[in-house]
Every structure is written in structure tokens, then in C-alpha cells.
Amino acid sequence: MQILNYDIDKKYLIYAGIGAFVLLVIYASTRKVDLIEITAPTNATANFDHSSLPESLQPPERLPDNAELPIPAKRPVTLNAIGVKPRFDNNNNIF
Amino acid sequence: MVIQVPTNFEELTLVIKVWTSKPEKIVIKVIDADQPNTTFTNRDKIVDGESIFFVRMPVSPKNALVYVYNDVNGNLLKGQDNSFNIESITKQMLEKKLDVIDFSNPLVRSFVNFATRFCYCAGSIPSGNYVSKDGKFVLKYMPTISDGGEEQTTPARIELDTGVIEVSKRQFIDFTVPNRMAILLHEFSHVYLNDNVDDEVEADLNGLLIYLGLGYPRIEAFEVFGNTFINAPTEGNKIRYDKIISFIDNFEHYDTVMKNE
């Protein structure tokens with residue numbers, strides 16, 4: 001029985017490993033959906049409760065009616081915003 | 001035909017493969033199965049042979065209902081309409097380009113979080129004043145936007161001095177979630193990203209950069225700006241629309257610098 005060169009074996013193993021990983025990523029990121037038809041959509045939306053949503057999708061806080069509005073963030077002051085624009089394409093006009 | 005797809009609040013792309021034997025106008029609509037007035041896309045296309053619809057969903061519900069039907073025949077049950085066939089629906093990874101968004105800016109981080117929550121829930125929350133978690137942004141969700149008793153055609157606007165955003169519930173309720181996001185990012189850009197607060201085109205492009213980077217669908221941006229401009233068909237708006245189309249087309253190639261022409 002012929003014994004294969006160890007270095008070649010190792011190289012092929014790495015290629016095979018990378019190939020298997022790529023296939024696994026493609027397989028895991030593409031999931032086919034069973035086509036189950038809904039024949040009569042229910043009216044479940046009428047009783048929707050926002051607390052069933054994950055925290056990141058829950059509605060923002062609603063202020064009580066007649067509550068004073070907080071002061072929103074100020075517009076950031078930047079050189080561009082005040083019209084001083086540095087130029088790097090012309091050595092004669094640095095600013 | 002309506003297919004229920006469990007999306008489990010993941011960010012994903014729905015890939016819907018449809019086949020027709022001759023040219024047919026196929027409508028694709030994706031809505032939230034649970035929350036009212038929450039649509040993720042509503043589009044149509046003439047399909048002749050096999051065609052693929054990509055529905056990008058940076059935000060998704062627990063369960064989505066995917067409507068697929070021939071516009072001529074309306075929504076019928078499977079077996080009642082043989083003019084098209086759904087070959088498959090698959091869930092794929094959402095492609096995003098977060099590197100184009102300046103998330104080092106805390107205002108951008110905060111507003112994206114605030115706007116995402118608001119846009120997803122806008123169809124099911126009452127009018128009123130809403131505030132972001134850190135108190136940096138205030139949004140007045142009004143039944144309609146009016147000036148001197150006359151209803152305005154704009155779906156949203158921002159007070160340039162204060163940064164308070166006003167949103168018309170009457171218009172927002174019919175918009176898709178991506179439509180809402182595109183509008184709010186435009187208003188945010190006016191005050192917090194623009195060099196010139198009054199520049200509409202600059203606000204369009206600054207807003208779109210975030211919108212597209214987050215992975216929202218391009219077609220919904222075309223749609224919302226197109227519909228807004230139809231209500232105000234000025235020469236300036238035509239130029240704006242052309243620039244938006246050019247910007248979106250170039251975005252895929254990272255060519256996001258507008259050249260003076």
C-alpha cells in the first residue's frame with residue numbers, strides 16, 4: 001500500500017475543511033420555507049399587544065397628553081456646518 | 001395566495017421565486033401577521049417565465065404573511081389561479097453595508113434605534129408625542145399635518161430650530177415600514193447631518209446612505225420619494241428624483257460621491 005506524502009495530505013485536508021465550511025455557511029444562510037397556504041387569515045391583529053415584541057422593536061415612549069416636550073438634541077457644530085471647509089485638493093487654498 | 005412565513009423578528013431577505021407561462025402582472029405583498037397596518041413591501045412586476053423577488057427585511061415580524069397574486073385575477077386560493085406558480089420561498093442572510101454609516105456619531109445611533117421602533121409600530125400606536133430613550137429626539141405623531149387649518153401633502157417635517165419632527169398619521173399608516181424609515185431619516189438628516197439645513201437634496205442623500213446601509217430595499221425608497229414628488233411635481237423635485245435614482249444605482253458599487261454636473 002502506497003503511503004501518501006504527509007504534506008500533500010495536510011494541504012488537501014485544509015482545502016476540504018474550507019470547502020465544507022463554505023458549504024455550511026451557504027446552507028445555514030439559505031433556508032427554504034414550507035409553502036403552507038393560509039386559506040382564511042384570522043383577525044388576530046385586532047388584539048395586538050406590543051409587549052409581545054422583543055425589546056428592540058417595542059414602540060418608543062409616548063409622553064402623557066399636555067406634558068411638556070423635552071428639548072431635543074442640538075445640531076452639532078462642525079467646520080463644514082459653519083461654512084469653513086478644509087480643501088486638500090489645492091495647496092494655495094488650505095482653507 | 002397567502003403563505004405564512006415564520007420570520008422570528010430576524011433580519012433577513014425573503015427570496016420569492018415565481019413562474020408564469022406568459023407575461024403577467026404579479027403582486028407581492030408582505031405584511032405582519034399580528035400587528036395591524038404593518039406592511040414590509042407592496043410591489044408588482046411583469047413576470048414572463050421565472051422571476052425572483054428579493055424582499056429585504058432589516059426588521060421582520062414574528063410571522064409574516066406573503067401575498068402573491070396575479071393583479072388581473074386578484075388574490076385567489078391555490079388551485080383557483082393557474083396563471084402563475086410559486087416555485088419557492090427562501091430566507092437568506094440580509095446584506096448590509098454598515099461601514100457607510102457613521103455609527104461613531106451617537107446621534108445617528110440613537111436616531112436609528114428610535115426611528116426603527118417608531119416605524120415598525122406606527123400602524124398600531126395612537127397619535128401623541130413620542131420621545132427617544134435618551135430624550136434626544138421628539139416626534140409629534142399627529143392625525144394630519146396642517147398649516148392654518150389646511151392639510152399639507154408632506155408626510156413629515158422637522159422644525160429646523162428645535163429638531164422636533166412632525167409626522168402625519170393619516171399618511172404614515174398606509175406606508176410600508178421601509179417607506180416610513182426613508183422619510184424619517186430624511187428629516188433627521190436636515191438638522192443633524194446636513195452642512196446646509198435647508199438643502200433637500202443633501203438631506204435625501206444623507207438619509208439614503210443610512211437607509212441603504214441598514215439593508216432596506218431600494219424599491220421602497222424609489223416609491224416613497226416618487227409618490228411624495230407626484231404630489232408636488234416641481235422642476236426642483238424632478239432634479240431631486242433624478243439624483244436619488246442615480247445615488248441608489250451607484251450605492252451597490254460604493255460610488256456614493258455625487259459629482260457636480
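Colleague: How many residues of chain A are in contact with chain B, and with how many residues of chain B?

Modeller: This is a predicted model, and totals for interfaces use all residues. Contact here requires C-beta atoms within 7 Å. On that basis, the residues of chain A in contact number 32, and those of chain B number 44.

Colleague: Which element gives the most to the side of chain A that touches chain B?

Modeller: Two elements of chain A give two or more residues to that side, namely strand S1 (30-32) and strand S2 (61-62). By class, the side holds 18 nonpolar, seven polar and seven charged residues. With three residues, the element that gives the most is S1(A).

Colleague: What is the bridge partner of Thr30(A) in S5(B)?

Modeller: S1(A) and strand S5 (residues 84-92) of chain B run antiparallel and are joined by three bridges. Within this pairing, Thr30(A) has as its bridge partner Gln92(B).

Colleague: Why does Tyr130(B) count as buried?

Modeller: Tyr130(B) belongs to strand S6 (residues 128-131) of chain B. The cut-off for a buried residue is 20 or more other C-beta atoms within 10 Å. Tyr130(B) counts as buried because the number of other C-beta atoms within 10 Å is 23.

Colleague: Which residues of chain A does Tyr130(B) touch?

Modeller: Leaving out residues up to four places away in sequence, Tyr130(B) touches Phe118(B), Leu139(B) and Tyr141(B) in chain B. Lys140(B), 10 residues away in sequence, is 6.3 Å from Tyr130(B), C-alpha to C-alpha. In chain A, the residues touched by Tyr130(B) are Pro60(A), Glu61(A) and Arg62(A).

Colleague: Do strands S7(B) and S11(B) run parallel or antiparallel?

Modeller: Strand S7 (residues 138-142) and strand S11 (residues 165-168) of chain B are joined by four bridges. One of the pairs is Leu139(B) with Ile165(B). The sense of S7(B) and S11(B) is parallel.

Colleague: Which residue in the turn of the hairpin formed by S10(B) and S11(B) has a positive phi?

Modeller: Strand S10 (residues 156-158) of chain B pairs with S11(B) over three bridges in the antiparallel sense, and Ala156(B) stands opposite Val167(B). Six residues lie between the two strands of the hairpin. The turn residue with a positive phi, of about 85°, is Gly163(B).

Colleague: Against which helices do the buried residues of H4(B) pack?

Modeller: Helix H4 (residues 200-213) of chain B reaches 20 Å from its first C-alpha to its last, close to the 20 Å expected. Of its 14 residues, 11 are buried, among them Asp204(B), Leu208(B) and Tyr211(B). The helices that these buried residues pack against are H1 (106-121), H3 (177-192), H5 (218-230) and H6 (235-251) of chain B.

Colleague: Which residue that follows H4(B) has a positive phi?

Modeller: The helix H4(B) spans residues 200-213. The phi in question is near 100°, and the residue is Gly215(B).

Key:
Residues numbered from 1 in each chain as written. Chains lettered and ligands numbered in written order. Predicted model: local features only at pLDDT ≥ 70, side-chain atom pairs only at ≥ 80, totals over all residues. Contact = placed C-beta atoms within 7 Å. Nonpolar A, V, L, I, M, F, W, Y, C, P; charged D, E, K, R; others polar. Pairing = 2+ DSSP bridges. Expected span 1.5 Å × (residues − 1). Buried ≥ 20, exposed ≤ 12 C-beta atoms within 10 Å, placed from the backbone.
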